[in-house]
Amino acid sequence: MNDISNVATPPARPIDAETLKAEILDKLTYAVGKDPIVARNHDWLSATILAVRDRAIDRWMDSTRRAYRNGAKRVYYLSLEFLIGRLLRDAMSNLGMTEAIRTALAGLGVDFDAIAELEPDAALGNGGLGRLAACFMESMSTVEIAAYGYGIRYVHGLFEQEIKEGQQVEMPEDWLSHGNLWEFERREANYEIGFGGSVEAALSVDETTPRQNWTPAERFVAVANDTPMVGWRGRQVNTLRLWSAHAVDQIRLDAFNRGDYVEALADRTRAETITRVLYPADSTPAGQELRLRQEYFFTSASLQDLVRRHFQQFGTVGNLHEKVAIQLNDTHPSVAVAELMRLLVDVHKLNWDEAWRITVATIGYTNHTLLPEALESWPVSLFERLLPRHMQIVYEINSRLLKDARERLDADAGLLSSLSLIDEHGGRRVRMGQLAFVGAHSINGVSALHTELMKQTVFHDLHRLYPVRINNKTNGIAQRRWLFECNPGLTRLIGETIGDGFLDDFDALSGLNALADDAAFQARFAAVKRANKARLGQLIRDRLGIAVDPSAIFDVQVKRIHEYKRQLLNIVETIALFNQIRSHPERDWVPRVKIFAGKAAASYWQAKLIIRLINDVARVVNNDPALHGLLKVAFIPNYNVSLAEVIMPAADVSEQISTAGMEASGTGNMKLALNGALTIGTLDGANVEIRERVGDDNIVIFGLTAEEVEQRRRSGHNPRAIIGSNPELLQAVEAISGGVFSQGDRGRYRDLVDNLLTSDWFLVTADYAAYAAAQRRIDDIWRNPASWHGKTIRNTANVAWFSSDRTIREYARDIWGVPTA
């Protein structure tokens with residue numbers, strides 16, 4: 001390898017408007033190949049990205065040289081999702097180029113906002129998990145940690161959500177249809193990934209213990225695509241490396257020449273399928289197999305890459321844990337435990353005990369959910385067929401685990417069964433969450449409540465065996481994107497009022513507390529919110545044809561559609577409010593706009609039915625003249641980062657109403673509070689810590705606690721009796737079942753209603769009365785503008801702690817053992 005560590009850093013490129021204007025014209029002419037006279041907005045976008053990208057590349061290369069020069073310990077963050085969104089505004093802001101670029105383009109007669117809207121929004125995630133990974137990448141650069149993010153370069157991402165006749169329809173997402181100017185293909189960084197085949201023991205002349213040789217039946221090639229991730233002020237730029245899958249032989253000419261064109265390209269099709277779509281439906285055996293292939297594909301490529309880089313620099317893998325920290329973002333990459341052992345034992349010839357010591361010391365595991373399906377398990381037959389060598393390794397890890405449990409805990413058969421990496425109940429399955437726990441030195445939750453529940457529930461017995469491994473790292477958000485970039489009006493107001501120190505020190509936001517009750521500041525704060533609401537209102541009109549009043553409460557629930565997140569509770573209470581407004585027009589009703597957005601997994605029929613109900617309710621409510629505009633309902637399709645950047649600054653009320661004990665953390669709650677929304681929520685996830693930071697008076701909490709939820713489930717929950725005893729709830733449920741919102745089709749929502757009446761696992765009915773009362777409390781606060789504005793200002797002032805910079809510094813200090821700036 002060439003020694004790049006001592007290459008001189010070139011002088012910084014100027015970022016004044018005149019220089020950038022000339023460079024953009026140069027890029028337009030010589031890189032895009034367009035004359036300014038005929039250039040379209042997409043051409044100007046390409047030229048602008050290239051001009052900004054040059055400055056990012058300078059810092060990127062300097063960061064890489066510095067890491068090699070210092071022999072820095074590197075962090076490798078493995079995530080199946082990276083919901084990075086659009087990158088142009090992010091890079092411009094972090095490089096301090098925003099105003100200069102705007103001025104340069106204006107001088108060329110180009111509207112920056114118009115071209116920025118054309119940048120594709122990479123749908124490489126489905127909510128909080130992927131957005132957290134993107135925030136963490138930006139924060140690792142900001143606090144100057146040498147880091148790589150590893151994931152998959154999905155050709156079509158998740159899916160583009162369309163709503164047809166009220167129902168979600170999944171369409172291919174085409175973010176790569178015109179290329180991606182931010183990425184660089186690294187042809188030299190390619191690795192062979194195998195599946196299936198056989199394993200044979202072999203004994204070399206100088207060995208006494210047989211080595212296992214895996215001969216895969218299928219082989220694919222993983223090729224790296226790198227994107228620079230710019231930190232604040234551009235002091236560090238790290239790499240997001242996404243893998244694409246290729247066939248070893250792109251075409252079989254023998255098959256092609258005999259006229260079998262499909263078979264000629266079959267290997268290529270099989271390879272490209274691996275990186276085609278994020279989260280293929282796993283309701284079929286084929287879908288489950290593809291999921292496992294995806295997870296192993298990117299995990300193996302990532303580990304081969306980082307081990308190669310480490311060995312190339314240090315000449316040994318014996319000190320891997322001293323120079324490398326691997327963080328698994330949820331359970332998807334947990335096969336990393338077995339794969340790293342394979343690389344160390346089979347490829348680098350370490351003995352088992354040394355390889356295991358290095359593996360455990362190197363890997364950290366972040367758990368994001370207590371839901372059993374998200375912990376993942378694979379049928380032994382599938383796992384062994386696709387990854388026979390890894391199955392052997394899992395069996396060996398399991399044997400040693402159970403031996404350890406017998407010696408340390410005197411474990412009986414029941415405890416051993418609970419600890420085992422193989423679930424023997426209802427068909428043998430490999431427990432991937434258990435594997436990640438056993439193979440990591442650190443297992444962290446993502447909120448204080450979630451971490452304690454991990455110890456009590458899913459990892460209770462493993463926590464007994466390894467009592468010091470579980471720790472908490474409450475999630476955070478990149479406030480640069482979620483305040484500076486998406487809410488420039490509020491950012492300017494804060495800077496004009498308390499100074500610009502908060503740009504580099506978020507804790508300085510606490511200075512707003514002194515102004516929370518100041519009438520003049522409240523008026524300016526409210527004016528910023530009103531402008532943001534007008535912008536969102538225009539978007540709703542343009543996309544949905546619904547006129548909304550910016551003076552109404554914008555009541556927002558935007559997140560992945562799932563029963564535990566309880567969009568159903570929200571829409572049922574909306575129906576009850578609809579009924580009450582019509583029945584009692586004499587009351588002083590507070591105008592509301594109920595705003596929903598989010599995608600349901602393609603095979604999650606119940607969640608898709610909830611989306612349809614929301615849209616059916618919207619159709620009826622929005623066309624009822626008796627309401628006089630007091631209530632509107634809007635479901636905005638295709639929720640993504642760019643849409644969130646419009647919604648978050650405009651929200652008045654933040655709906656965080658999951659069944660207590662089921663939301664690991666949430667990050668939308670942090671983004672909304674930062675932008676001055678009042679949270680209505682249960683004591684779940686990070687809501688608990690938000691309440692601690694903003695104060696009891698500045699958040700509206702309702703409902704059962706996590707302990708009460710478990711008690712209710714154990715003692716027996718009678719939803720039918722609850723519905724029967726609450727006239728408003730009964731009327732709402734009867735309206736759904738009676739076809740009021742389904743054009744007389746009484747069967748459309750039978751499953752939803754039957755579930756509410758019989759099981760109601762997510763306790764919608766149990767929390768309904770408390771939720772409805774909390775909503776009326778929101779109304780009361782709204783009627784007193786001074787009180788409302790004071791509470792929302794205190795939310796903005798007191799959530800600086802929920803910064804992903806703070807979270808990353810805690811990971812660095814407690815898990816990775818790396819210094820931060």
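The structure is a predicted model, in which local features need pLDDT of at least 70 and side-chain atom pairs count only at pLDDT 80 or more, while totals for chains, interfaces and linings use all residues. Residues are numbered from 1 along each chain as its sequence is written, and side-chain values use heavy atoms, with hydrogens and water left out.

**Cavities**

- The structure holds 7 cavities of 30 Å³ or more, a cavity being a set of points, on a 1 Å grid over the protein atoms alone, where a 1.4 Å probe fits but cannot get out.
- The largest cavity has about 130 Å³ of space, a volume being the space filled by probe spheres set on grid points that are joined across faces, edges and corners.
- Helix α2 gives the largest share of the lining, 5 residues.
- By class, the lining of the largest cavity has 7 nonpolar, 5 polar and 2 charged residues; Ala, Val, Leu, Ile, Met, Phe, Trp, Tyr, Cys and Pro count as nonpolar, Asp, Glu, Lys and Arg as charged, and the others, Gly among them, as polar.

**Packing of α1 with α2**

- The axes of helix α1 (residues 17–32) and α2 come within 8 Å and cross at roughly 115°, with axes fitted as lines to C-alpha atoms over the stretch in contact and angles running from 0 to 180 degrees between N-to-C directions.
- The contact (heavy atoms within 4.5 Å) includes Leu20, Ile24 and Leu28 of α1 and Trp44, Ala47 and Leu50 of α2.
- Its residues divide into 10 nonpolar, 3 polar and 5 charged.

**Packing of α10 with α12**

- Helix α10 (residues 285–314) and helix α12 (residues 336–347) pack at an angle of about 40°, with their axes 10 Å apart, and are therefore oblique to each other.
- Tyr296, Thr299, Ser300, Leu303, Gln304 and Val307 in α10 meet Ala336, Glu339, Leu340, Arg342 and Leu343 in α12, a contact whose residues divide into 6 nonpolar, 3 polar and 2 charged.

**Packing of α6 with α35**

- Helix α6 (residues 128–142) and helix α35 (residues 804–816) have axes 9 Å apart at an angle of about 75°, and are therefore roughly perpendicular to each other; angles of 65 to 115 degrees count as roughly perpendicular, under 35 as roughly parallel, over 145 as roughly antiparallel and the rest as oblique.

Conventions:
On a 1 Å grid over the protein atoms alone, a cavity is a set of points where a 1.4 Å probe fits but cannot get out, and a pocket is an open set with protein on both sides within 12 Å along at least five of seven lines; lining residues have an atom within 4 Å of a point. Helices (H or I, at least four residues) and strands (E, at least two) are DSSP runs, numbered from the N terminus.
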